[in-house]
Amino acid sequence: MGRKRNLSEDGGGEDEEERPMKERRVKEKQEVRESMRPSMIKNKEKRAAVHAKLKQQKKVEKRKKVKAREAAEKKALELGEEPPPKMVPRTIENTRESDETVCLPDDEELFAGNDVDEFSAVLKNERSPKILITTSRYNSTRGPAFISDLISVIPNAHYYKRGTYDLKKIVQYANEKEFTSVIVVHTNRREPDALLVIGLPDGPTAHFKLSKLMLRKDIKNHGKPTSHKPELVLTNFTTRLGHRVGRMIQSLFPQDPEFRGRRVVTFHNQRDFIFFRHHRYIFETKESKQKESKGKKSKDEKNPQERTIARLQECGPRFTLKLISLQHGTFDTKGGEYEWVHKPEMDTSRRRFFL
Amino acid sequence: MPRTTTVESSGCPSLRALTFDILGLIKVVEAKGEQKEAPKVVEKWGEPDASRCVLAASLVDREFDPLLGVARKSGKIEVLSPVNGDVRASISIESQNHPGSADNSIVGLHLFKGERLGSSSRSCNLLTCTSKGQANMTYVKMSESLEDSGGESTQTTWNVCGSGSILCCKVDADESYALFGGKGVEVNIWDLSQCAKVWSAKSPAKNSLGIFTPTWFTSATFLCKDDHRKFVAGTNSHQVRLYDISAQRRPVVSFDFRETPIKAVAEDEDGHTIYIGNGSGDLASFDIRTGKLLGSFLGKCSGSIRSIVKHPELPVIASCGLDSYLRIWDVKSRQLLSAVFLKQHLNSVVFDSKFSTREAQVPPQQQDTDETLQTEEEEEKTVKRKKASKEHSGSKKLKTKKKSIRSKGDSNDIA
């Protein structure tokens, strides 16, 4: 391709003088070679060689850039100036499509809506959460193990055998016994694959897909959780829908954590996937084994010998949830009204998220 | 790959819609057609309060003295002015056993346009229906001040059904008949002048497997303006049925639509097109004569549709529901014209079609200043456009428009 273009250009420039023509031709050739991609070369060995060379070049350039940046930063620090601004990598999250449903902190209507929604009774501590956990019709191996893990995570959770009852009957029963939520663990091929969370008495029903389940016993160096009420961390639930799902999850746990237990349950939302983790943390004062040069620097502020660090120990289980639908009212697949269902036409972009 | 819409939307025509949500707020959304702007929330009436949750709303859409009726969860019915949101009258319907309780809430409200019982501009008639089946015709006298309102009202109450719960209640265009239907209640037609039942439907026969689906009507509407005998009803078992009173007691046409219950049905003026919204946010138009699907309205609508209205003049429908968006659609191309996020679950929407003529009646002095301001802005825009774009034709058009507006302004000045 490139050669062809050269030829044609040669033909066009014949009228001019010889000497400058040659120089120009050489220059042009170089330019063409630079703009030429190795994939255009048909000979494989040549292509590989050119590609390797290009790659090496790029690597060198990158290293140079990094070094220059580091040097500039160091210099700025020495001179006591502001260091140059750090580059922030572009990720799918921070280039997310703007969404008008994102909750703003000064939204009065949001708070007014929160005060009267289905979860407010639990979240205001007027009712203490009481959870009924049951399964789908068939249940074996990983299902019961997961449920026993869940029971150790959620305080005041009770497992009831499903039997052959309809879910609507179970919801009715749970309502009479003053449960605040029902969790149904759905298993398929002996592997838990969906979670149904039903708010009671008239709260919404959320249907989650459950994946990447790792039980406590499969986690290396796992800890055994105590029976203290855990702290709850909910991150990144930004939109109205996310806010609602977050509040729903919040209503499963007691609102007065016992900080003595140092137990923390995390629901982290990232790109519409909700990651569940369960940890125990500890603050330790540790003698630092820092090098002297570094120790000198920090001597002015505080004693380098004693530093407090936080250590985490995972207690498990570990799993990922994805919201499939949020239904208004309690479980009713036939006559239910959906507040949110995922539809294929909504996937217009990778950078569009709903939670 | 999902299909992405590539058809360029023509922008929203100028319209005014009022939405009612679960916190009792009334939001007025206005679109200015000429400037091709997205519709915006112009006004917001009321304070967020769950007990004031709007259950039903009805608008008397006329040029002079329009009225808006709103039924609240607390059992109160307010008559407002849709122009500025002032409460003209507020009454509470007296039900026999327990007023305003959760299991006997108001499901339907209709404000009468026509002259009835000697109604004047200072009074109005309204029909309400509770879920227990208590229909109520009330004559309300309105007053300017709030304090002495509500005292003067006459009520006639009758029972529409013995058991079950009413879910839909509609009044036909002539306002002489009303239909009621619900869970366990077959559709009834009542003559409003005599408060007597005229007709009631018969449930369809068992299907081929011998299974009988229990009656559960979720929405209904009269099909055309000049005929009270045909109406369309949507059921919880995702069936849409056309009934003809003059023909038979069983449905004339019935067909299924998707898998979730039909939650909203609206009719077109042409008398055969209907719009159907269901519990999972699907919106489609059907030709009721044949029962054929004309097309679906695709637009990322993710929550149950609670209400659909057709604009009385423009080829535009509005839908709203649990996804808290007000969506405005073009009827012909079935494209989404715009969506406005309104924060709460919405219960109903109405179009105020006569607002533009009303605006024109605003004293001319104010408008003059507005218009001059607008022309100035437009001038600036045209200059910019000329510089930026090569499209001379567009700027020329704008120029002519500007001139015409200016001449109008001049004439107004002279006048």
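Author: We shall discuss a sheet, an interface and a glycine in turn. This is a predicted model, in which local features need pLDDT of at least 70 and side-chain atom pairs count only at pLDDT 80 or more, while totals for chains, interfaces and linings use all residues. Residues are numbered from 1 along each chain as its sequence is written, and chains are lettered from A and ligands numbered from 1 in the order in which they are written.

Reader: What is the order of the open sheet of four strands in chain B?

Author: Strands (E, at least two residues) are DSSP runs, numbered from the N terminus, and two of them pair if DSSP finds at least two bridges between them. Here the order is β3-β2-β1-β28, with antiparallel pairing. The edge strands of chain B are β3 (40-45) and β28 (346-351), each pairing on one side only. Between β1 (residues 15-21) and β2 (residues 26-31) of chain B there are six bridges, and B:Thr19 stands opposite B:Lys27.

Reader: How many residues of chain B are in contact with chain A?

Author: Contact requires C-beta atoms, placed from the backbone, within 7 Å. By that rule, 23 residues of chain B touch 22 residues of chain A.

Reader: Is A:Gly261 buried, exposed or partly exposed?

Author: A residue is buried if 20 or more other C-beta atoms lie within 10 Å of its own, exposed if 12 or fewer, and partly exposed in between. A:Gly261 has 15 such atoms, so it is partly exposed. Its place is in the loop between α8 (240-250) and β7 (263-270) of chain A.

Note on methods: Contact = placed C-beta atoms within 7 Å.
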